[in-house]
Amino acid sequence: MRAGGDEQRVLLRQVLGWRVAASVAWSVLLLPLCTAAFISISSIDLLHPIQWISNSFNDWYTSYAIFCMLLLSVVILIISIFNVEFYAVVPSIPCSRLALLGKIIHPRQVIHSAVHAIMGMLVAWCAAVMTKGKFQFLAVPCTASESLDGAVQHMCLNEYHLFLLLSGAFMGYSYSLLYLVNNMNYLPFPIIQQYKYLRFRRSLPALVKHSCVESLYLVRNVCVAYYFFGYIPRAWISATTDLHADSKLHPLDTLTGLLDLSLLYHTWLCGIFLLITWHIAWLLFKIYATEAHHFPVQPTFTEETDQCLPKILNSNPPLIIKFLALQDLMLLSQYSPVRRQEVFSLSQPGGHPHNWTAISKECLNLFRDLTQKLIMQQEAAATNGRVKQPSAGELGRSLISSEAAVSEEMSFQAQKSNVSRAHMPSLVKSSLLPLKTLSTSDLGSSFGSPFSSPALNRQAGILDLNSPWHGSVQSPHVMRRGPKLWTSSSGWVSFVDLQMNGSHQESFPVISVARVGNEAIQPSFIYTWLQNKQEQVRSFLSKRVLIMYFFSKHPEASIQAIFSDTQMHIWALEGLSRLVAASFTEDRFGVVQTTLPAILNTLLTLQEVVDKHFKLPHASSKPPRTSGSLMDTSYKTLRFALRASLKTAIYRITTTFGEHLNAVQVSAEHKKRLQQFLEFKE
Amino acid sequence: MSQCMARCGNVWAAQRDCRRRGGRSPVDEKRLALGVGSVPVGLLSPRLPVSPFVPLQRGHDRRVLPGCGLVSSLQRGSAGAGCSIRAFAWHPHTSKFAVALLDDSIRVYNSSRSPRSLRGSPQADKALLKRRLSQRILKCCRLSPSPAASPGRTSVPAAARSCPVTAGPGPQGAPGTALTQTSATVPILKHRLQRSVAALAWKPLCASILAVACQSCVLVWHLDPTSLSTRPSSGCAQVLAHPGHSPVTSLAWAPSGEMLLSASPVDTAMLVWDVSTENCVPLQWFGGGGVTYLAWSPDGSRVLAATPSAVFRVWEAQMWTCERWPTIKGRCQTGCWSPDGSRLLFTVQGESVIYSLSFSEYSGELQGQVGGSKTASIVADLSETGFETLYGEERIGGEVHSMAWDPSGERLAAVIRGSPEAAESRTIVAVFRTRNSPVFELLPCGFLQGEPGAQPQLLAFHPCFKKGALLTVCWSTGRISHVPFFFVSAQFPGLSPRHSPVAALSSSASVREQPLFSEL
């Protein structure tokens, strides 16, 4: 277990390490350019252009500027570290306002915000120093005292400098908040492959524009905040440093003080500078991290075995590696006949199609997981988000049966491949299946899903199946159509306790059916009690408007959450279907033929379920209008991409194989579906 | 051969018949039969202002595109004197096509394949098809007065050799050819934003998704192939708009169906759309203006993008880098790709020749290289030549204004526009026989001309005609005629153009043609 983790860490470092290094290096290299531009623009003087240019040339080489540059490099480095630490290939989408609130006060996010605020202050200090003029220092000689006696110069607090520092901190904090709210940590993979330089050049205008506009809003917010709360930090600074405000000057937390155009302009410029440098670091990391990586299909040396594509797909690597591997699979299936040949090849001693088996198995597992997830979501929707709360004995029994199923499955692991797939469509149709059928059908082969024990999925399925019979046991308000609190569309509550149950069981891998069953009964009492409490609290709270504001779920968000990792499935669909299509002429040993029925069955089942999903009343059938801004919102529309590529994948297979598909073993229902695809009627 | 001669004899008989009756005959519903036959669009519905009325069209264009003479001249449909069909597109897999009319409505004609004809013997189908052939197509399309004409080249008895065999039944059931009847429902697509339609494109590997290039956006219609409604609601249309990207005049789907390219002659950026998510990536370059013509190679590896200036670009579709090709005289008018994507034929405004540009065999190893040869070579000189015919001398030849290459790579059709000075020179469709491997060959095959006064506007080949090639010509009178060419493909005997471009590509890569599974 430990060794595997180490291996994966090594792999991650190998794949991602140089990308991070290169992106940081480039963003640091671009820093002098930004700084030079900032210095020039901040000292802009349109009336004396030649003097302005020569002055700004001189300013670039001052010791101040160079020191600031070094300091800013450190800032960029820290920002990049946070980018690397916080990136995610699967966006986390808060389903309700409470969840969003929870994310904001999560310790991780608090650290993020605090560090960004400090970094913002540092950038603002550098900007103030480089701007010179009245902003340069915190303490300046008082204007009033100068005339009195030249000998002792009183130092006063420079409120402009303080304002700039505070606005920097505020902007850093806002950046951190926006980073969270806009899911800027999400790494969207590009729809076409392009060279990094071209991608950067393409995004640069949008980045600059976005930063300028964003900075404008931030300046407005800073002004408002300072107007109301500006006296607090000023008083504090005065108290600690024994500097007093200049009595001759207007204090800045008044309207006349704030309406200083030069102050606003420089604050705005400082904001632009901060946002551009940070966004560049973020953009470069995004571009480098999502660049296609070339995984070898067959290892040339034995040391490379861990890095080859089938191995990576089958192990459970960090998600980014898995994404890159699937992207590579898609690319190789599309562009590289040589590598496709390697996929279809047989192992040297033995003659097994290990590469193909591994790749197809992983893809099919992904599709089955998704099918599973969608079925559960649909059943939850069908029962109106009602979550089953089984009695203790019931839960125990279902646990026992599912455990039994697990052991059964383990013993029949070898032959579990194709036979039982045919159960899936019937399962989709009627949720009232006998328990026995369900447990024997190969439902829960979900490795790598968030709820990773196979027993879990099956169990959840059983729970949902049972729900119509036991609905009357529950408290009536759960049945009611109305505000729901803790149910996400896939049954949040049931997931939570099931997850607990599951992790509990996972630590005892099947030893004896009875023992596990007994142990599982024990916690279930607590859960039923907890659930009862939950129901009561929920019914109490759902009557309060303010609480409802926080708890009410956005239906769109919960759908987005289901499909948040669908990019994987899209690539798997494209890769697998292209490989199958290519196998028509390129597969010399016929290795693909053996899995063709399973692939068709899985794809058609998934197609059925996806179709059904889009027919649900709350699912919109069209992607929402996206604004062409810097922030990528492609995760919001992934489900539409999935639907399209699923159809294209099936069509790709049917158009390639044509009439030959009639000879493939599929159920009658699927045969009918296939015929429709063959006639282009879908 | 004897069969062919007999048919050629029929050509003349039918042509005389056509002349005597004076062109247009009353339309009955059966004339809408797809596959072979002509569809006089002007007569389809009395409600639509689709008569070939030139001033109306001009005025329309001026109103919609103020001061955009460039744009309207670039719209392919309006290139001729007058036209009532703005755009035409075959569905890549089925016998279904969409026609955009002058009033910006789009009609989708579909041939329903009844199960009876699927099960029926191929012989019966063949007989039916043949009968329709002799009845229909020859009425409106007479062959050129000189059957062996080849401008500027050695004379080859093209008409005699062009149809050596009428097609035998394919190895499989050949569902594409059982075009027995047109389905009754003809969906008419209208949308608020559907203005000055310039191009249509069906999504490959998909049942019924049609992209429409409009004035301000790209509309993507999601049509239900099983639906019986004649007026799909505008809710079925997806609007793809991007600031500064208008008017859209050319479209191209990736043959794998994942991406859509759209281009405008005004916008310097060409957009790559992921249609399902409505995301787009602008592909920008500097200099050369917008894009007037797009053609994606059938193997999906390269894209031709012509600009309004004397330059065109060939993009490589993996890393999206491009090669820049300056031409000597004018802008690139049109271009078409060989089925394996290794050869590009193109024509240039102001020159009456066809150029050829060959590309290295595509394999994923050369990332980001287009791999074009150093120079383009002239493969055909189409300068004006006079022909002595039964009806006096005719002068044919000039600039090529559009071209189409059939999916098997055996026939090339080109609209040759005569020089405007010479009164007797005329616009005509010339058909060539081509071969791409081992050596490129281009031999004249014959000419097609419409009714008196009709000028060919748009050309398209049926993407999956199993028995040879089916050329569709849209005439300026609003007539659409389908002209079949029956031959056995030299490259894939018995297995002529396949359903899918992907398969066509891969089958050229390997010689193994045995089916994987025994047929039931």
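Author: The answer starts with the sheet and then widens out.

This is a predicted model: local features need pLDDT of at least 70, side-chain atom pairs count only at pLDDT 80 or more, and totals for chains, interfaces and linings use all residues. Residues are numbered from 1 along each chain as its sequence is written, chains are lettered from A and ligands numbered from 1 in the order in which they are written, and side-chain values use heavy atoms, with hydrogens and water left out.

Take the sheet in chain B. Four strands form an open sheet, in the order β8-β9-β10-β11 (chain B), and the pairing is antiparallel. Strands (E, at least two residues) and helices (H or I, at least four) are DSSP runs, numbered from the N terminus. Two strands pair if DSSP finds at least two bridges between them. The edges are β8 (199–202) and β11 (237–240) of chain B; each has a single partner strand, so one side of each lacks a neighbour in the sheet. From one strand to the next, the twist averages 20 degrees. Axes here are lines fitted to C-alpha atoms, and angles run from 0 to 180 degrees between N-to-C directions.

Four bridges tie β8(B) to β9 (residues 209–213) of chain B, and the two run antiparallel. Ala199(B) has Ala213(B), in β9(B), as its bridge partner.

Next, the cysteines. There are zero disulfides over all chains, a disulfide being a pair of cysteine sulfur atoms within 2.5 Å. In chain B, the sulfur of Cys206(B) lies 13 Å from the closest cysteine sulfur, in Cys236(B), so the two are too far apart for a bond. Cys206(B) is buried, at 7% relative accessibility. Buried means under 20% relative accessible area, exposed over 50%, partly exposed in between (1.4 Å probe, protein chains only). In chain A, Cys270(A) is buried too, with a relative accessible area of 1%.

Then the helix. Helix α25 (residues 566–586) of chain A has 21 residues. At 1.5 Å a residue they should span 30 Å, and the end C-alpha atoms are 29 Å apart, which agrees. The expected span is 1.5 Å times one less than the number of residues. Cover is mostly complete: 21 of the 21 residues of α25(A) are buried.

Last, the chain around that helix. Chain A has 28 helices and three strands. Of its 682 residues, 54% are buried.
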